[in-house]
Amino acid sequence: MASVTLRNVQKTYPGGFLAIKGIDFAVGDGQFCVLVGPSGCGKSTLLRMVAGLETITDGEIDIGGRIVNQIEPAERDIAMVFQNYALYPHMTVYDNMAYGLRNRRMAEPEIKTRVEEAARILELGAMLTRKPGQLSGGQRQRVAMGRAIVRQPKVFLFDEPLSNLDAKLRIAMRVEIRKLQRRLKTTSIYVTHDQLEAMTLADILVVMNGGQVEQIGNPLDIYQKPATTFVASFIGAPPMNLLPIKPDEFKSQSGGDLAVEAGILGVRPEDLVVSSEATSGIAFDLTVEAIERVGAETYIYGTRQRGAQSIAANPGETPPGEVIVRIPGAVAPDIGEKIRAVAPREKLHLFSADGRQRIGP
Amino acid sequence: MENRAIFSGKLLPCLLILPQLAISLIFFYWPAAQALWQSFLVQDAFGLSTEFVWFENYVNLLQTPEYYHAIGVTLVFSALVAFFSLGLGLLLAAMANRNIRGIQIYRTFLIVPYAVAPAVASVLFIFMLQPGLGMIARALQRAGIDWNPVLNGTHAMILVVIVAVWNQISYNFLFFLAGLQAIPKSVIEAAAIDGARPMRRFWTIIFPLLSPTTFFLIIVNITYVFFNTLGIIDTATGGGPSGATQTLVYKVFQDGKVGTDLGGSAAQSVILMVIVVALTAFQFRYVEKKVHY
């Protein structure tokens, strides 16, 4: 059991490319930290630096009160689950799990106890004599988990462990991982690009973009109060509607409480309601362009009738001027119909014009 | 996961394998059949009369002590060459598989020896190891070693082993390097996190995962050392001194081409062929079980 602390961690590649631009965060003992971000944001690199598979060019990483910058991966007392599982194909499931213990010269009876315990937890008991080639994707994933837990390390590191599984299995394994971590109480760092995985697994969520941290915090706090437009559009599906607004426009819509210059207004699709009544919040007059029915709810894609100026698009963001409305049930307006979507004032998010700062509420 | 092309007719697949079949027939099966036929014949010195003698050639051969000597020489020679060319090839490939500056240049230079013809390689080493004027030979003599491959059988054997190994390392290096690069990096990283030090990682993870490559190379190297080293031995030692480097294939060449005993030579090449086929079959039967694909 240990805490992990990163202090101004940086990574510069030999060519001079700054991949990690100074990252600080701390994961408390037994906490589950998720690093989330789009591909190429440096999250996997950062995890590999914690593991010791990549060098740290500046700053320091502290695992359990020990600076590990110059320490070999084997000596860091961590275990890692790789995206492609990285099982040893020529060894049986038992030997795969026992390998790390044998390297540490543990006595065979103790190894047997630990492997069998892990196999019992992960329901791999019947597969101990098989080789990885004879297992399904989900079973391989569990062997990779088993290899990590038999070691009883201070920290678990997960590098997108579920991305090679099909959608259904991914959800099942996500729940398994969470239950396992709660039970073992081992500090964990988990990398993913899937915001849903991030939201459901994390005690601490670290949203990364371009080698930097955009926001750190409790997942629900991040969802409710995203610090930047990047976080606002990356966390949550469908993404938050982001619309550039002029001060007078905002004032008239919101009732004039927030006196600000031009900025970006954000409103989550589920906070919009299709209604013709005037409210104290903001109202959009939309032309319905597309409808997506997913059963329990329906997404309405509409364009604003007043011309909207375009803003810099972040990954996953809605196109300029398009507004998504999420309504419960399957009853929806027709395509081409004109509707009014309204959101109450307390549900609005306001960002600076460059999107780098949250200014209200 | 099988991904095969399915042909509907019989004509196209037959046409496609025809060139390979033709080459095998003309350059392997025909000469092999001829050798088998000739091994039952005896010709007089002027080639005027030929007599069918059944197994007389074989009986004569198995009664000559020199033949058993050649078998011994071949075993020593092939064991040494296979061991060193595989071992050094693997060592160099493991070194060249790391991220070091200028690795492309090293790799290229390591492959170049394969482009040198065996006879040319022989000549290069003869110059360097020539007792009178070779620079390595003189260095050895200065160090107090009475180096003389022309008179000393052991030295002659060392000379041909060096040339044969040098000539074959590149080939093994190339295949081992490709084999090493096919091992997923994350598996090696997982082993590193699992606490395996580099040497242990090599013997418990990398070497077993290389086994298909190693197995293939053992077969190829044995074939190489049994047959293709003829040019090296002919140029470097001519089988001498007093038969110290006379391998089976070189004896076939000498008895048939130089001694013009075509029947005896054909009998030898039939036996040699049987030995190599048996060795290969043995490996597929027993060694391949240890290979992890």
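User: Is A227(A) buried, partly exposed or exposed?

Analyst: The model is a predicted one, and the class of a residue follows from its relative accessibility. Buried means under 20% and exposed means over 50%, with partly exposed in between. Because the relative accessibility of A227(A) is 23%, this residue counts as partly exposed.

User: Among contacts in chain A between residues at least 6 apart in sequence, what percentage join residues at least 24 apart?

Analyst: Chain A has 361 residues, and its secondary structure comes to nine helices and 19 strands. Its C-alpha atoms fill a box of roughly 75 × 45 × 35 Å along the principal axes. Of the contacts between residues at least 6 apart in sequence, the part that joins residues at least 24 apart is 67%.

User: Which residues touch the most other members of the largest nonpolar core?

Analyst: In soluble globular proteins, nonpolar side chains tend to be buried together. In chain A, 54% of the residues count as buried. The largest nonpolar core has 57 residues, and those that touch the most other members are L6(A), F25(A), L46(A), I61(A) and L157(A).

User: How many residues are in the other core, which lies apart from it?

Analyst: This other core includes V34(A), A119(A), I177(A) and F234(A). Its residues come to 48.

User: Which helix supplies the largest share of the lining of the largest pocket?

Analyst: The largest pocket holds about 1,600 Å³ of space and is lined by 40 residues. Those nearest its centre are N97(B), R98(B), I188(B), P198(B) and R201(B). In chain B, α3 (65-96), α8 (185-193) and α9 (198-209) each supply at least two residues of this lining. The largest share, six residues, comes from α9(B).

User: What do the buried residues of α9(B) pack against?

Analyst: Within α9(B), the residues R201(B), F202(B), I205(B), I206(B), P208(B) and L209(B) are buried. Their packing partners belong to both chains: from chain B, α3, α7 (153-181), α8 and α10 (211-228), and from chain A, α2 (93-103).

User: How many nonpolar, polar and charged residues line the largest cavity?

Analyst: There are two cavities of 30 Å³ or more, and about 60 Å³ of space lies in the largest. Its lining is made up of A79(A), M80(A), F82(A), R147(A), A148(A), R151(A), A190(B), I193(B) and D194(B). By class, the lining has six nonpolar, no polar and three charged residues.

Conventions. Residues numbered from 1 in each chain as written. Chains lettered and ligands numbered in written order. Predicted model: local features only at pLDDT ≥ 70, side-chain atom pairs only at ≥ 80, totals over all residues. Heavy atoms only, no water. 1 Å grid on protein atoms, 1.4 Å probe; cavity = no way out; pocket = protein on both sides within 12 Å on 5 of 7 lines; lining within 4 Å. Points joined across faces, edges and corners; volume = space filled by probe spheres on them. Helix = DSSP H or I, 4+ residues; strand = E, 2+ residues; numbered from the N terminus. Core = buried A, V, L, I, M, F, W, Y, C linked by side-chain atoms within 4.5 Å. Buried < 20%, exposed > 50% of the residue type's maximum accessible area, 1.4 Å probe, protein only. Contact = heavy atoms within 4.5 Å. Nonpolar A, V, L, I, M, F, W, Y, C, P; charged D, E, K, R; others polar.
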